[in-house]
Amino acid sequence: MIGLRKAPELETLKQMADRYPKLDARSLHFALCALVISSDIEAALDRHFAHYGLSHGRFVVLVNLYSAPNHELLPSAIADLVRVSRATMTTLLTGLERAGLIQRHSRPSTDRRTSPVRLTSKGRALLERVLPDHYARLTKMVNHLTRAEQRTLLQLMEKLHQGLSELHGTNKETL
């Protein structure tokens with residue numbers, strides 16, 4: 001994963017703002033700090049999931065299947081949920097199937113893209129080992145914030161999410 005280790009200092013960004021009049025140094029500094037935190041969280045999650053032989057992508061697929069009715073979804077639905085291309089989803093599913101964590105249910109005379117994918121008992125057992133540890137780690141990450149700070153941060157993140165929606169011209173759901 002490629003990510004920023006540290007955001008540039010505000011003073012450095014202010015100097016750049018002299019060359020680029022539309023640059024708002026404080027807003028850019030905040031956005032870059034958010035990217036650093038996002039990158040750090042993703043790296044920590046990747047290390048954590050690696051202990052279980054998973055990637056973050058595989059974990060997210062398994063969790064979506066775990067939460068689905070009958071632990072089953074179509075590949076296209078999973079791809080939409082986890083925001084990856086159909087080709088990427090095919091690769092993820094192939095790896096999960098080889099590991100025995102999912103099973104594709106073939107329908108006569110159809111291709112695998114329209115065949116439902118189901119979480120296996122091995123996949124459920126793995127998630128039931130991973131989830132308590134995963135949730136404990138996420139809780140520990142924000143536990144040093146007071147409840148009021150957590151509410152404020154959530155409100156701010158929702159505003160940032162709205163800004164992303166406007167940037168991309170999409171109507172994203174709230175967090």
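Local features are taken where pLDDT is at least 70 and side-chain atom pairs where it is 80 or more, while totals for chains, interfaces and linings use all residues of the predicted model. Residues are numbered from 1 along each chain as its sequence is written, and side-chain values use heavy atoms, with hydrogens and water left out.

A word on terms before the helices. Helices (H or I, at least four residues) and strands (E, at least two) are DSSP runs, numbered from the N terminus. Axes are lines fitted to C-alpha atoms, for helices over the stretch in contact, and angles run from 0 to 180 degrees between N-to-C directions.

Let me start with helix α1, residues 10–19, and helix α2, residues 25–50, whose axes come within 9 Å and cross at roughly 135 degrees. That makes α1 oblique to α2, given that angles under 35 degrees count as roughly parallel, over 145 as roughly antiparallel, 65 to 115 as roughly perpendicular and the rest as oblique. The crossing of these two, α1 and α2, is right-handed, meaning that the near helix is turned clockwise from the far one by less than a right angle. On the α1 side, Leu10, Leu13 and Lys14 meet Ala25, Arg26, Leu28, His29 and Leu32 of α2, where contact means heavy atoms within 4.5 Å. By class, this contact of α1 with α2 has five nonpolar, one polar and two charged residues; Ala, Val, Leu, Ile, Met, Phe, Trp, Tyr, Cys and Pro count as nonpolar, Asp, Glu, Lys and Arg as charged, and the others, Gly among them, as polar.

The structure holds one aromatic pair. The ring centres of Phe49 and Phe59 are 4.2 Å apart and their planes stand at 25 degrees, so the pair is stacked (centres within 6.5 Å make a pair; planes under 30 degrees apart are stacked, over 60 edge-to-face, the rest tilted). Phe49 lies in α2 and Phe59 in α3, residues 56–67.

Finally, the sheet is open, with three strands in the order β1-β3-β2 and antiparallel pairing, where pairing requires at least two DSSP bridges between strands. The edges are β1 (72–73) and β2 (102–104), each with a single partner strand, so one side of each is left without a neighbour in the sheet. Helix α5, residues 86–98, packs on the sheet and touches β2 and β3.

Notes
Phe/Tyr/Trp six-rings, centres within 6.5 Å; stacked < 30°, edge-to-face > 60°.
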